[in-house]
Amino acid sequence: MELCQWWRHIVVFLLHAWISSCFAQTTLPVRSSPTPTPQTAERPETLKFRLSGFPRKHNEGRIEVFYKGEWGTICDDDFSLANAHVLCRQLGFVSATGWTHSAKYGKGTGKIWLDNVQCSGSERSVSVCKSRGWGNSDCTHDEDAGVICKDERLPGYVDSNVIEVQVDENRVEEVRLRPVLTIATKRMPVTEGVVEVKNKDGWAKICDNGWTPKNSRVVCGMMGFPHEKKVNKNFYKHLRKRSAVPKSKVKVTTPRQEPKAKAITKTSTKSKPGKSAAAKRLYAERQKNNFLVHSVACLGTEVHLAACPLEFNNGNATESCPGGMPAVVSCVPGPLYAQSTAMRKKLKMQSTIRLKGGAKYGEGRVEVLKGSEWGTICDDHWNLLSASVVCRELGFGTAKEALTGARMGQGLGPIHMSEVQCTGHERSLWNCRYKNITAEDCKHSEDASVRCNVPYMGFEKTVRLSGGRSQYEGRVEVRVGQRWGSVCSEGWTTKEAMVACRQLGLGFSMHAITETWYWDSSNVTEMVMSGVKCTGDEMSLSQCQHHRTVNCQKAAARFSAGVICSETASDLVLNAPLVQQTTYIEDRPLHMLYCAAEEDCLSKSAAGASWPYGHRRLLRFSSQIHNIGRADFRPKAGRHSWVWHACHGHYHSMDIFTHYDLMSANGTKVAEGHKASFCLEDTDCDEGVSKRYECANFGEQGITVGCWDLYRHDIDCQWIDITDVKPGNYILQVVINPNYEVAESDFTNNAMKCNCKYDGHRIWVHNCHIGDAFSEEAEKKFEKYPGQLNNQIS
């Protein structure tokens with residue numbers, strides 16, 4: 001019996017010792033301890049991500065992960081859009097638009113690193129999502145998952161397919177300016193305020209001790225502003241003094257002190273309410289003591305605050321900003337965002353650089369003016385530093401992305417610069433180092449583009465789409481007063497729809513809808529806006545002309561204005577040199593022009609001619625129309641509404657496709673021709689691009705990206721009837737898609753002009769160019785003097 005009790009004591013003792021050791025092992029890591037040195041700290045696992053497979057675009061593909069020295073794939077079991085969101089962000093894109101299964105982009109090789117991945121969508125890394133664990137999978141490469149990312153980069157990411165990710169708890173993801181003055185919160189954009197950074201725990205502040213103008217320059221660049229300016233220190237010092245002792249801390253201890261306390265209160269109420277509110281707010285911010293960063297040391301060329309050396313506060317520190325206050329920054333807006341006309345005039349810049357082909361302000365293909373001709377930049381060595389110089393020069397902030405490979409469409413004409421290398425301090429791209437190049441060195445398929453940081457204006461909050469089948473389509477509704485309402489579709493064209501899609505942040509308008517009866521009408525609102533007329537360049541519909549009071553003839557819900565938006569659009573341009581090379585005069589007998597007369601391709605005087613005798617004098621030329629955009633050019637009308645023309649034996653898919661005009665020096669039209677789209681098809685394409693459209697056998701019509709449609713000089717209606725034109729100097733003008741029936745990313749390059757001289761027998765044509773190819777000064781000279789400049793005879 002005693003022996004049993006002795007063994008019982010031993011077992012209890014051992015069990016107690018074992019439990020104690022277990023608790024010691026599990027609780028030891030969470031005890032307060034000094035920050036480990038770099039030698040002893042365990043570094044987080046560095047992951048790399050890339051998109052692979054074929055065929056694919058740059059923002060889609062099979063997702064591959066580099067882990068423990070080896071590339072591998074992810075199985076599609078339990079895969080979701082939330083998973084794709086996390087992976088796309090790790091690849092440097094803002095979000096995902098879709099995902100693929102069953103090895104759509106081809107089968108990978110090596111490891112299948114992850115299986116049954118289940119993310120919520122908000123995770124910082126796929127490594128923290130639920131899964132079977134690294135390398136634990138029952139899949140084959142026939143089940144490799146792929147992602148389709150939105151074609152927009154996160155701030156600070158370079159345009160690389162391989163992104164290295166090291167999960168850092170203190171990573172600064174976002175930065176914002178929070179205005180202190182109440183009145184400033186009502187103005188857009190916010191140009192001055194307290195700098196706040198976002199990390200895993202929310203928003204926090206930066207201590208202003210040691211804050212420099214270089215730090216402000218970086219913050220302003222992120223906010224979309226080209227320059228910083230000095231903050232009114234005296235104003236904020238005054239606020240600081242006012243906020244040092246708040247009214248709530250004034251103690252009333254005796255009746256004798258009551259009048260004094262009232263006097264203090266009375267005095268404080270006499271101060272300006274804006275400053276008083278600002279003082280309270282600044283005091284509240286200081287009391288929160290949530291300073292995440294206490295030291296910033298930017299060079300001023302960084303595109304993101306996260307790229308600057310930062311020192312983060314130690315959680316055990318007794319005072320996170322000794323003697324300081326929240327860092328405040330004041331920025332200078334660019335001309336587009338200046339709040340007064342005087343500022344706009346003061347900030348107006350010479351236009352020696354421009355962006356083309358972008359859906360939003362602050363993005364596009366970079367073009368520079370050299371001499372009097374615009375040209376593009378080759379993407380060799382193109383990076384964020386050089387792109388940021390472009391953005392600031394244009395009145396925006398720093399660059400979000402430096403894009404290569406003609407991502408914003410291919411340009412035309414010369415390529416002026418290559419291997420551009422900027423330090424980031426230059427005021428103009430021309431101050432950077434670069435090389436002059438020849439046509440052999442670079443092609444337009446290598447044109448450089450940018451996406452710039454632009455100020456937040458909040459325009460997307462004042463418009464919405466309803467009733468559509470996706471986020472990209474629906475009836476347009478706006479904020480007028482305190483209510484939402486629809487827009488009258490009378491006069492609603494592609495230009496107005498372009499502004500609506502830009503305001504929504506949904507890219508370009510593919511279609512301007514004037515009857516929306518086929519969309520869901522369960523929540524249709526009354527019309528609150530009519531008579532909308534835009535130039536197409538506005539940032540919001542409110543900036544367009546519109547009626548003060550609603551006046552709509554067709555006020556029924558089915559006539560509400562609608563849009564179908566798209567991230568990409570086509571861009572048609574005419575081959576100007578070919579027009580110049582192929583122009584000639586033909587006297588064509590009337591008996592050969594019956595079909596042309598039926599299609600209204602002759603001047604009005606032809607109706608009074610002695611048919612079939614006599615002739616018409618025709619100015620003939622070839623048209624080669626290229627699609628240099630990022631989407632195919634398709635007729636607005638569907639096949640069911642195409643018109644059959646028995647005379648020519650083909651269908652017309654557009655009423656008017658081009659306008660041909662001969663004008664006098666003062667712009668008066670002296671002769672005209674118009675061409676219905678006989679048939680839009682791919683006559684030929686760039687190397688590596690396949691034809692998709694042809695007219696034979698009632699085929700689909702259109703022009704593929706990278707292809708062109710050729711209308712030879714010897715086909716019907718490919719002319720201007722100049723029978724009644726007198727000898728003289730004229731301007732030949734050709735305009736593609738003149739009625740804006742089909743959306744394009746750039747309408748300014750749809751017109752082509754030539755100088756021409758007609759002596760009554762022969763025609764001289766020279767200096768043919770796209771409408772926006774020359775500087776404004778050169779274009780003015782062209783229009784003032786269209787006379788003969790050389791002896792070229794076509």
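Two strands count as paired if DSSP finds at least two bridges between them. Helices (H or I, at least four residues) and strands (E, at least two) are DSSP runs, numbered from the N terminus.

1. **What you are looking at.** This is a predicted model, in which local features need pLDDT of at least 70 and side-chain atom pairs count only at pLDDT 80 or more, while totals for chains, interfaces and linings use all residues. Residues are numbered from 1 along each chain as its sequence is written, and side-chain values use heavy atoms, with hydrogens and water left out.

2. **Strand 17 and its partners.** Strand 17 runs parallel to strand 19 (residues 415–421), and two bridges join them. It pairs with strand 16 (residues 363–370) in the antiparallel sense, over four bridges. T376 takes part in both pairings: its bridge partner in strand 19 is I415, and T376 is also the bridge partner of E367.

3. **The turn and a charge over a ring.** Strands 16 and 17 form a hairpin with two residues between them, and G371 in the turn has a positive phi of about 70°. Look also at W374: R354 lies over its face, 4.2 Å from the ring centre. A charge sits over a ring if NZ of Lys or CZ of Arg is within 6 Å of the ring centre and within 35 degrees of the ring normal. Elsewhere, the charged end of R50 sits over the ring of W71, at 3.9 Å from its centre.

4. Another sheet has four strands in the order 28-31-37-36, with antiparallel pairing. Strand 28 and strand 36 (684–685) stand at its edges with a single partner strand each, so one side of each has no neighbour in the sheet. Strand 31 (residues 623–627) and strand 37 (residues 707–711) are joined by four bridges; H626 has W708 as its bridge partner in strand 37.

5. **The cores.** A nonpolar core is a set of buried Ala, Val, Leu, Ile, Met, Phe, Trp, Tyr and Cys residues joined through side-chain atoms within 4.5 Å. The largest has 35 residues, of which F657, L662, L732 and M752 touch the most other members. Among the elements giving two or more residues to this core are strand 28 (572–574), helix 10 (576–582) and strand 34 (658–663). Apart from it lies another core of 28 residues, including Y337 and V450.

6. **Aromatic pairs.** The structure holds twelve aromatic pairs. Rings of Phe, Tyr and Trp (its six-membered ring) pair if their centres lie within 6.5 Å; planes under 30 degrees apart count as stacked, over 60 as edge-to-face and the rest as tilted. The Y594 and W611 rings are tilted, because their planes meet at 45°, with centres 5.1 Å apart. Y594 is partly exposed at 46% relative accessible area, and W611 is partly exposed at 24%. Ring pairs also link Y67, W113 and W134 into a cluster.

7. **Helix 2.** Why is helix 2 (residues 81–90) described as largely enclosed by the rest of the structure? Seven of its ten residues are buried, among them A82, V86 and Q90. Just after this helix, G92 takes a positive phi of about 95°.

Terms used:
Buried < 20%, exposed > 50% of the residue type's maximum accessible area, 1.4 Å probe, protein only.
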